[in-house]
Amino acid sequence: MNNAATGRVAAIIPAAGSGVRFGAQIPKAFIELDGISLLTRSALAMSVVADVIVVAAPSDQLKLASDHLANVDAEVHVVAGGEARQNSIANALNVLPEDVEFVLVHDAARPLVPIEVTTRVLTELQSGAVAVIPVLPIADTIKRVDAQNKVVETVDRNQLRRVQTPQGFTRQTLHHAYVDPTIVATDDAGLMEALGISVLTVAGDELAMKITTAHDLTIASALLGVTNE
Ligand code: CTP
Ligand code: MG
């Protein structure tokens, strides 16, 4: 896609995890959902809006990762991932072309993200937000417990959200957040919070679920069946 009016859009796809909780013999990104790998599906989803896609892949399987990206219509780069997700993204940032203005960071493990979610994130970036994340409300009642597993209190779930990807940032903001490797967070928006950068939320979607366990793959497969009906 050509976003000449506003600067190019890139997607960084961290795909270098080994998938310990999934428990397969191959990295999770190469697992197939209905015959298409999680990596391929995630990259195809991003390619609808992204001109450039940078994938951080397991360092010993860069060629295989490239093969999974063969049919993706974008300028594709594959780099070796790092020890943690944050290191993988830092490696991807190193090869990001200079003319990219907006960056979507999207987990390879969220293969079914609908285009509507990606568009909501990107639209807010193009309207001036510097950091945007898709979120969902929490349906269950949430309790805080102590070390003995006794309930301490009920947490007000109305103020809590489940966070998904793609998380969108201006290139400058993301670079700024990754300059200091001593700041550690479980997601990219977490780095922004540590730096006092304001993060906007938009509506996520159940289809953007993360595949963590084999059970999640079964759920995703069922969801795919429903969306294809
Ligand atoms: N990831 C990465 N580099 C790492 C660790 C994770 O690029 N060193 C990526 C994964 O490939 C995944 C995303 O970050 O697409 C979210 O991570 P997660 O779901 O935790 O995947 P894994 O780390 O592979 O799974 P596990 O934690 O069960 O080992
Ligand atoms: Mg992990």
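Helices and strands are runs assigned by DSSP, a helix having at least four residues and a strand at least two, and both are numbered from the N terminus. The model on the screen is predicted.

**The whole protein**

Begin with the complete chain in a cartoon view. The protein contains seven helices and 12 strands. Along the principal axes, its C-alpha atoms fill a box of roughly 50 × 40 × 40 Å.

Next, display the surface. The accessible surface comes to about 11,400 Å², and carbon and sulfur atoms hold 52% of this area. Of the 229 residues, 48% are buried. Among contacts with a separation of 6 or more, 69% are between residues 24 or more positions apart.

Now colour the charged side chains. There are 16 positive and 26 negative side chains in the protein, and the centres of these two sets lie 7 Å apart.

Select V105, which belongs to strand 6, residues 100-105. Is V105 buried or exposed? V105 counts as buried because its relative accessibility is 0%, and the cut-off for buried is under 20%.

Show the surroundings of V105. Beyond its neighbours within four places in sequence, V105 is in contact with several residues, including I12, P14, R85, I89 and D188. T165, P166, Q167, F169 and L174 are also among its contacts.

P166 is 61 residues from V105 along the chain, yet the two C-alpha atoms are separated by 5.2 Å. P166 is placed in the loop between strand 10 (162-163) and strand 11 (167-170). Which kind of peptide bond joins T165 and P166? The bond is cis, with omega of about 15°.

**Second stop: S37**

Move to S37 in strand 3, residues 36-37. S37 has a relative accessible area of 3% and is therefore buried.

Display the side chains around S37. Which side chain makes a polar contact of 2.8 Å with that of S37? The partner is T40. The side chain of S37 also makes a polar contact of 2.7 Å with the side chain of H68. With neighbours within four places in sequence left aside, the residues in contact with S37 are A29, F30, I31, E32 and H68.

Go from S37 to D34. D34 lies in the loop between strand 2 (32-33) and strand 3. Its relative accessible area is 58%, so D34 is exposed; the cut-off for exposed is over 50%. Inspect the backbone here: D34 has a positive phi of about 50°, although D34 is not a glycine.

Finally, select N149. Where is N149 found? N149 is in the loop between strand 8 (142-145) and strand 9 (151-155). N149 counts as exposed because its relative accessibility is 65%. Its phi is positive, at about 65°, although N149 is not a glycine.

**Looking back**

To close, display the selected residues together.

Technical notes
Residues are numbered from 1 along each chain as its sequence is written. Chains are lettered from A and ligands numbered from 1 in the order in which they are written. This is a predicted model: local features need pLDDT of at least 70, side-chain atom pairs count only at pLDDT 80 or more; totals for chains, interfaces and linings use all residues. Side-chain values use heavy atoms; hydrogens and water are left out. Buried means under 20% relative accessible area, exposed over 50%, partly exposed in between (1.4 Å probe, protein chains only). Contact means heavy atoms within 4.5 Å. Accessible areas come from the Shrake-Rupley method with a 1.4 Å probe; for residues, only the protein chains shown count as cover. Lys and Arg count as positive and Asp and Glu as negative; His and the chain ends are not counted. The place of a charge is taken as NZ of Lys, CZ of Arg, CG of Asp or CD of Glu. A polar contact is a pair of N or O atoms within 3.5 Å; within protein, one must be able to donate a hydrogen and the other to accept it, and residues adjacent in sequence count only if both atoms are side-chain atoms.
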